[in-house]
Amino acid sequence: MKPVVALLGRPNVGKSTLFNRIIRSRQALVDDFPGVTRDRHYADAQWNDIDFTVIDTGGFLSSDDDYFASQIKEQLTAAADQADVLVFILDGRAGLSPYDRELADFLRRMSKPVFYLVNKIENYKQHDDLAEFYSLGIDHFYEISAEHGIGVGDFLDDLIQTLPEYDQAQDEGETPIRIAIVGRPNVGKSSLANRLFGEQRVVVNEKAGTTRDAIELSVEYKGRQFVLVDTAGIRRKGKVTQKLEKFSILKSLKSLDDCDVALILIDSEEGITDQDITIAGYAEDRGCGAMFLLNKWDLLDKERKNVKKYMEDLRYKSKFLSYAPAMTISALTGQRCHKILDEVVKIHKEYCNRINTGVLNRIIEDAVYRTEPSLYKGKRLKFFYATQVATRPPCFVCFVNFPKAVHFSYERYLLNQLRQMIPLSKTPIKLYFREKTGKIKFSGGSREDERIFQKKKRQITKKQKQRKEQSKKKRQRDTDIA
């Protein structure tokens, strides 16, 4: 396991900014007001060929000045217990705070290496105002600017010297299945993430909009590795006015681009709304596997607990995701939650499926023989060849004489035949049509092809030169005879 470094400090001292600077990516949301980060955010980093894991935590507040103060403090304590090295970040502009002193006392009791950083030091005039930080009993602290990168390199040089050694070969293994948990605000995404993770890993509250960032959780289940991504709730565009919420939604949509399977959560109490179907459309557009989860099923009374009615309503409103499995669950009580990852494994297996080219062509040939396509301008539509060009999701290309002549209904017929014969009943499928024009070169240009072309070109040029010389000699001979 890689060494772990935890970034700690009170709100708005620049922990997320430094986190993004170290991992060289904008994974953590950053804004000017305090309290943006609430959960533990993990990411891998590397410095001078040394790999380690960085944890971004919420701001430390001992009192209940913030609505989530107690839960954020629990997350911070858990990160400190897990970390091998602690990084205490102070604000060089605002100076010391009582919370800084309390957090410093807390870190002294941890008996772990602690690095003290004074952030937001961007000019030499600020150096004279740093004397108060020595009152914390600090022998040495680093003056940095996380936003501009000043002093960060010197700090990282010293940091990697204190990290424990680890065997990098242990981290190499099977690629984990990435799962994105998406849905409207307050439908139970974080509760489900905690239930699948097995402990209180992310902050859960009845207040909508608790989760702001996309939090990744690593889970092992029946020998398989999974990465759960807890995302922020996606509201209608017209209701989103705050800048931070816009960035949160963008992070949620990006998680759909990177995931293998999307768990689309729906609040059973409120029923299936238009926004739920819109979110399902986002998953379908991005070509990831999908699964519907009707959450809070335990809160419904006996009159409303009609699974058949709910499923009929769901299938009617989301016809474009007819292949996506659906399940009623309760993230709070754990009802049927143990079946989710088993179903995800089945979806992922079909999502990565690759079929033999010969079998694929026989399926297409048999489908065309049983139901021939309609004529196009009096000519017969011919299917020459079919091949699978990609997985995740499975993508197929059919070479025909008139690609534009394939009606959407016939395309749907071919897709249904593929789902039935392969079978691929739980994954999206992409089917494309291309025109066959002479010789099809699948491998593309190579150095060997270029070498042969240049050799033939030299031979042709040499022969042309020889013919010119022969013609010139012949004209000279005729001139001499005359």
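A residue is taken as buried when its relative accessible area is under 20%. In the predicted model, this criterion applies to Tyr410, Tyr413, Leu414, Leu415, Gln417, Leu418 and Arg419 of helix 11. Helix 11 (408–421) comprises 14 residues, and the distance from its first C-alpha to its last is 20 Å, close to the 20 Å expected at 1.5 Å a residue. Its buried residues pack against helix 10 (357–370) and against strand 13, strand 14 and strand 15.

Two cis peptide bonds are described in this part of the chain. The bond from Ile422 to Pro423 is cis, with omega near -10 degrees, and Pro423 lies in the loop that runs between helix 11 and strand 15 (430–435). The bond from Arg392 to Pro393 is likewise cis, with omega near 0 degrees. Pro393 is placed in the loop between strand 13 (383–390) and strand 14 (395–400). Most peptide bonds are trans, and most residues other than glycine have a negative phi.

Positive phi values occur at two asparagines. Asn12 has a phi of about 65 degrees although it is not a glycine; its location is the loop between strand 1 (4–8) and helix 1 (15–23). With a relative accessible area of 32%, Asn12 is partly exposed, because this value falls between the limits of 20% and 50%. For Asn48, phi is near 55 degrees, again a positive value in a residue other than glycine. Asn48 belongs to the loop between strand 2 (41–47) and strand 3 (50–56).

An open sheet of six strands, with mixed pairing, is arranged in the order 8-9-7-10-11-12. Strand 8 (215–221) and strand 12 (326–328) form its edges, each pairing on one side only. On average, neighbouring strands of the sheet are turned by 25 degrees against each other, direction ignored.

Helix 5 (residues 189–197) touches strand 7 (177–183), strand 8, strand 9 (224–230), strand 10 (261–267) and strand 11, and its direction makes about 160 degrees with that of strand 9. Helix 8 (residues 307–317) also packs on the sheet, where it touches strand 10, strand 11 and strand 12. The direction of helix 8 makes about 145 degrees with that of strand 12.

A search of the whole structure for disulfides returned zero. Cys337 is in no disulfide, because the nearest cysteine sulfur, that of Cys259, is 19 Å away, whereas a disulfide requires two cysteine sulfur atoms within 2.5 Å. Cys337 is buried, with a relative accessible area of 5%. Cys395 is also in no disulfide; the nearest cysteine sulfur to that residue belongs to Cys352, at 12 Å. At 11% relative accessibility, Cys395 counts as buried.

Notes. Residues are numbered from 1 along each chain as its sequence is written. This is a predicted model: local features need pLDDT of at least 70, side-chain atom pairs count only at pLDDT 80 or more; totals for chains, interfaces and linings use all residues. Side-chain values use heavy atoms; hydrogens and water are left out. Helices (H or I, at least four residues) and strands (E, at least two) are DSSP runs, numbered from the N terminus. Buried means under 20% relative accessible area, exposed over 50%, partly exposed in between (1.4 Å probe, protein chains only). Two strands pair if DSSP finds at least two bridges between them. Axes are lines fitted to C-alpha atoms, for helices over the stretch in contact, and angles run from 0 to 180 degrees between N-to-C directions. Contact means heavy atoms within 4.5 Å. The expected span of a helix is 1.5 Å times one less than its number of residues.
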